[in-house]
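This briefing covers a helix and its surroundings, the pockets and the salt bridges of one protein model. Please consult the sequence and structure shown here alongside the text.

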Amino acid sequence: MRFDVITIFPDMFGPVFRQGVVGRAVERGLIELQAHDLRDFTHDRHRQVDDVPFGGGPGMVMKPEPVFEAVESVMLNNSGPVVLLEPWGRRLDQRLAEELAKEPGLIIVCGRYEGIDDRVRTGLAAYEISIGDYVLSGGEIPAMVLIDAVGRLVPGVVGDPDSLVQDTFGGDLAGCPQFTRPAEYRGMRVPDVLLSGDHARVRQWRRQQAAQRHPVNNIH
Ligand code: SAH
C-alpha cells in the first residue's frame, strides 16, 4: 500500500516511520511512504503556500494551487483516494481504518494555519478525517496516526495475524490485560487462570476482562 503525504513539514515523517512495525513494513516494501514538500509546487520566489482569508478574519489560509498541483503530481503514481485531515471530519475509528486499508493507497493532505481553501475539499477530497474532537496545529500528527492505524492492517505488516484479532476492536477477545514473566513481581501476581493452562477458562476470563475494560467492545 502506498501513502503519499503532502505537507509543509516533510521531514517530520522520516523518524517516525523508520521505527517499529511500520518501519519494518517500509523496509520490506509492504508499505511505501513518501512525504512531499508542498512548497515544491509553488511558483513564486517566496514559495508561499498561504494567503489572507477572503471575507477577513484572523490568520492565513492554505492556497489551493500548490495543493491541487501536488495532489495531481502524486496521482500519477497513487490511484488511492485523497484524504484531508480536518478537525471537523469523520472521526477516525477502527472501522474506517479497515475501510481505508482496502485501498491501493492514500493521498493525504496535511493542513496548517486556519485550514485549507475549501475548493481542495470540494474539488479533490474523497475523505475528510478527524482524529478526535480537539484542534491541533497541523495535519502531520493526524496523518501519522492514520498511516499507522491503516498501515498495520495491510496484510503481512503485523507478523502474526492473530494479534490483529486480539487487538481492541479486533474481535471478541479485545483489549484484555496482558502479562509476561515473572509470574510475581513486587508482590503483584499474574492471575492464576493465565497460569492454569486451561484454554477455555483463559478465554472466558479474557472476555470478561475485556468487557469490563472497554464496554464499547460489546457492540462488536
Ligand atoms: N481553524 C480550523 C483548525 C485549523 S488547525 C478549524 O477550526 O477547523 C490546522 C490544521 O491542523 C487543519 O487544517 C488540519 O489539517 C489539522 N488538524 C487540527 N486538528 C485536527 C484533528 N483533530 N484531526 C485532524 N486534523 C487536524
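Is E65 buried, partly exposed or exposed? E65 is partly exposed, because its relative accessible area is 43%, and the cut-off for exposed is over 50%. The model is a predicted one, and the points below are grouped by topic.

**Helix α4 and its cover**

- Helix α4 spans residues 94-101, and its buried residues are L96, A97, L100 and A101.
- These four residues lie on the same side of α4 because the arc they cover around the axis is only 140 degrees.

**Largest pocket**

- The largest pocket holds about 360 Å³ of space.
- Its lining comprises 26 residues, and those nearest the centre are L85, E86, P87, V135 and L136.
- Two or more lining residues come from each of β5, α5 (118-124) and β7.
- Strand β5 contributes the most to this lining, namely five residues.
- By class, the lining of the largest pocket consists of 13 nonpolar, seven polar and six charged residues.

**Second largest pocket**

- The second largest pocket contains about 260 Å³ of space.
- There are 15 residues in its lining, with F179, L194, L195, V202 and R206 nearest the centre.
- Helices α8 (192-195) and α9 (199-213) each provide at least two of the lining residues.
- Helix α9 accounts for the largest share of this lining, with four residues.
- The lining of the second largest pocket divides into eight nonpolar, four polar and three charged residues.

**Salt bridges**

- Side chains of opposite charge can pair when their charged atoms come close.
- The structure contains 12 salt bridges.
- One of these joins the side chains of E65 and K63, with an N to O distance of 3.8 Å.
- A further salt bridge, between R112 and E140, has an N to O distance of 2.9 Å.
- The R112 and E140 pair connects distant parts of the chain, 28 residues apart: R112 belongs to the loop between β6 and α5, and E140 to helix α6.
- R112 counts as buried because its relative accessibility is 16%, the cut-off for buried being under 20%.
- E140 is likewise buried, since its relative accessible area is 0%.
- D118 forms a salt bridge with R121, in which the closest N and O atoms are 2.7 Å apart.
- Both D118 and R121 are located in helix α5, where they are three residues apart, or about one turn of the helix.
- D118 counts as partly exposed because its relative accessibility is 39%.
- R121 is also partly exposed, with a relative accessible area of 29%.

Key:
Residues are numbered from 1 along each chain as its sequence is written. This is a predicted model: local features need pLDDT of at least 70, side-chain atom pairs count only at pLDDT 80 or more; totals for chains, interfaces and linings use all residues. Side-chain values use heavy atoms; hydrogens and water are left out. Buried means under 20% relative accessible area, exposed over 50%, partly exposed in between (1.4 Å probe, protein chains only). The arc is that of the directions from the helix axis to the C-beta atoms. On a 1 Å grid over the protein atoms alone, a cavity is a set of points where a 1.4 Å probe fits but cannot get out, and a pocket is an open set with protein on both sides within 12 Å along at least five of seven lines; lining residues have an atom within 4 Å of a point. Grid points are joined across faces, edges and corners, and a volume is the space filled by probe spheres set on the points. Ala, Val, Leu, Ile, Met, Phe, Trp, Tyr, Cys and Pro count as nonpolar, Asp, Glu, Lys and Arg as charged, and the others, Gly among them, as polar. A salt bridge is a side-chain nitrogen of Lys or Arg within 4 Å of a carboxyl oxygen of Asp or Glu.
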